[in-house]
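Hi,

Here is the structure I promised to pass on to you.

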Amino acid sequence: MRQNVPPVPPLPGQESVWEYPRPPRVEASMERIRIFLGGELIVDTKDSLRVLETSHPPVYYLLRSAFSPGVLEPAAGNSFCEFKGTASYLSIRAGGTVAGEAAWFYPRPTAGFEMLADRVAVYPGRVDFCEVDGEKVRPQAGGFYGGWITDRVVGPFKGEAGTLGW
């Protein structure tokens, strides 16, 4: 899978994405998640699920009810995950800004991922910015991936240059 790229050794308090499982694991998180678009705070919650998959930074799934009313809008398209099923897309509208296809959800997640129902994940690179416990998130490279990179996780990460064959 990986082409002679050694994992970055995690320091105390860090996680290596190379220690995450495949198929992915879903775990509850009480970290404070905040998302901003168009200069407005559209999410502020401590109720999230992290999806952890080998070589990927965590993806945070948030309750739909955590989003400000009216900011999520249906968007065209869908994609398929071999583990979670078929995803549908959402655009986000706030502060006079529209972030097209900036979020996704699984209307009918597959067995083992049912807890993702009624939860939405956001591409951090398509909004103003996202925070995890006050730390500004760095988006996972590559337009397809929606991982949230913080100082808590080390890579290398899928999506960076030279990772296509991982």
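**Surroundings of Gln140**

Apart from neighbours within four places in sequence, Gln140 is in contact (heavy atoms within 4.5 Å) with His56, Pro57, Tyr145, Gly146, Gly147, Ile149 and Lys158. Before going on, please note that this is a predicted model, where local features need pLDDT of at least 70, side-chain atom pairs count only at pLDDT 80 or more, and totals for chains, interfaces and linings use all residues. Residues are numbered from 1 along each chain as its sequence is written, and side-chain values use heavy atoms, with hydrogens and water left out.

Gln140 sits in the loop between strand S13 (138-139) and strand S14 (148-149); strands here are DSSP runs of E, at least two residues, numbered from the N terminus. Gln140 counts as buried because its relative accessibility is 5% (buried means under 20% relative accessible area, with a 1.4 Å probe and protein chains only). Its side chain makes a polar contact with the side chain of His56 at 3.2 Å, and also reaches the backbone oxygen of Lys158 at 2.8 Å. A polar contact is a pair of N or O atoms within 3.5 Å; within protein, one must be able to donate a hydrogen and the other to accept it, and residues adjacent in sequence count only if both atoms are side-chain atoms.

**The sheet**

Seven strands form an open sheet with antiparallel pairing, in the order S2-S5-S6-S10-S9-S8-S7. Strand S2 (25-29) and strand S7 (72-81) are the edge strands, each pairing on one side only. Strands S8 (85-94) and S9 (97-105) pair in the antiparallel sense over six bridges (pairing requires at least two DSSP bridges). Ala94 has Thr97 in S9 as its bridge partner.

Best wishes

Technical notes
Helices (H or I, at least four residues) and strands (E, at least two) are DSSP runs, numbered from the N terminus. Buried means under 20% relative accessible area, exposed over 50%, partly exposed in between (1.4 Å probe, protein chains only).
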